[in-house]
Amino acid sequence: LRQDCQRLSHLMQSALAFSRPTEYKMEIIDVGELIQRLLDRWRPRLARENIQHSLSISCDKPCVLADASHLERVFINLISNAADAMSGQGGHLSINIQKSLDQMGRNRIEISVCDNGIGIPQENLEHIFEPYFTTNRNGTGLGLAIVKRIVTDHKGTIQVSSIPGGTVFKVTLPEAQNAQS
């Protein structure tokens with residue numbers, strides 16, 4: 001009963017988060033530092049589930065203009081989904097951060113969250129960002145829909161590629177102007 005109540009509470013919180021207009025408190029965020037803090041927080045769970053992890057940052061000061069708590073929510077969701085995909089078998093979670101250019105030549109920060117879990121079936125890939133779509137019996141189906149909205153609201157993109165044995169979510173956000181100051 002307690003688990004069902006917690007699940008319903010989580011569902012209600014997710015539904016409210018998805019349906020309410022969001023106000024963002026934008027500031028310059030070092031994505032590398034944010035993700036390192038998240039991995040430090042997740043270290044005990046990852047260790048319990050025999051999941052090794054690594055963070056690779058191939059640029060100095062990967063900064064974006066973002067709302068810190070919402071950006072954190074994006075990566076918590078992606079890390080949690082990756083851990084769930086490897087649950088019971090262990091595996092490796094790899095997060096890579098690099099700079100790139102978009103089609104217009106503007107600077108972007110690319111964050112790839114990669115796992116070697118079970119993968120996402122091809123028939124589900126086109127639906128995973130839709131509200132209430134889930135294959136997890138304990139899931140709400142709102143996590144990735146919220147992630148996509150937050151990324152889009154931050155003028156970014158999110159892409160996914162998956163094969164049996166691994167999934168990569170790539171979040172691309174505009175690099176913050178004057179991030180070096």
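This is a predicted model: local features need pLDDT of at least 70, side-chain atom pairs count only at pLDDT 80 or more; totals for chains, interfaces and linings use all residues.

Reply: Residues are numbered from 1 along each chain as its sequence is written, and side-chain values use heavy atoms, with hydrogens and water left out.

Take helix H2, residues 31-48. Helices (H or I, at least four residues) and strands (E, at least two) are DSSP runs, numbered from the N terminus.

Begin at the start of H2. There, a side-chain oxygen of Asp30 comes to within 2.9 Å of the backbone nitrogen of Gly32. That is a polar contact (N or O atoms within 3.5 Å; within protein, one must be able to donate a hydrogen and the other to accept it, and residues adjacent in sequence count only if both atoms are side-chain atoms).

Now the length. H2 has 18 residues, and at 1.5 Å a residue it should span 26 Å. The C-alpha atoms at its ends are 26 Å apart, so the two values agree. The expected span is 1.5 Å times one less than the number of residues.

H2 also has a kink. It is about 50°, lies at Trp42 and comes shortly before the proline Pro44. The bend at a residue is the angle between axes fitted to the seven residues ending there and the seven starting there.

Which residues of H2 are buried? They are Val31, Gly32, Leu34, Ile35, Leu38, Leu39, Trp42 and Leu46. Buried means under 20% relative accessible area, exposed means over 50%, and partly exposed lies in between (1.4 Å probe, protein chains only). An α-helix has 3.6 residues a turn, so residues three or four places apart point the same way.

The buried residues of H2 pack against strand E1 (27-30), strand E2 (51-57), E3, H3, E4 and E5. Packing here rests on contact, meaning heavy atoms within 4.5 Å.

Just after H2 comes Asn50, with a positive phi of about 60°. Asn50 is not a glycine. Most residues other than glycine have a negative phi. Asn50 sits in the loop between H2 and E2. It counts as partly exposed because its relative accessibility is 48%. Lys61 is another residue other than glycine with a positive phi, near 45°. Lys61 lies in the loop between E2 and E3. With a relative accessible area of 36%, Lys61 is partly exposed.

Step back to the core. The largest nonpolar core holds 37 residues, and those with the most contacts inside it are Ile35, Phe75, Leu78, Leu93 and Ile111. A nonpolar core is a set of buried Ala, Val, Leu, Ile, Met, Phe, Trp, Tyr and Cys residues joined through side-chain atoms within 4.5 Å. H2, E3 (63-66), H3 (68-86), E4 (91-101), E5 (107-115), H5 (143-153) and E7 (166-174) each give two or more residues to this core. H3 gives the most, with eight residues.

Gly88 follows H3, with a positive phi near 90°.

H5 comes later in the chain. Its buried residues are Leu144, Ala145, Ile146, Val147, Ile150 and Val151. Just after H5, Lys155 has a positive phi of about 65°.

Ile128 lies in the loop between H4 and H5. At 7% relative accessibility, Ile128 counts as buried. Ile128 touches Ile120, Phe133, Leu144, Val160 and Phe169, leaving out residues up to four places away in sequence.

Phe169 brings in the last feature. There is one aromatic pair. Phe129 and Phe169 form it, edge-to-face, at 6.3 Å centre to centre and 85° between the planes. Rings of Phe, Tyr and Trp (its six-membered ring) pair if their centres lie within 6.5 Å; planes under 30 degrees apart are stacked, over 60 edge-to-face, and the rest tilted. The pair links distant parts of the chain, with Phe129 in the loop between H4 and H5 and Phe169 in strand E7, 40 residues apart. Phe129 is buried at 18% relative accessible area, and Phe169 is buried at 6%.
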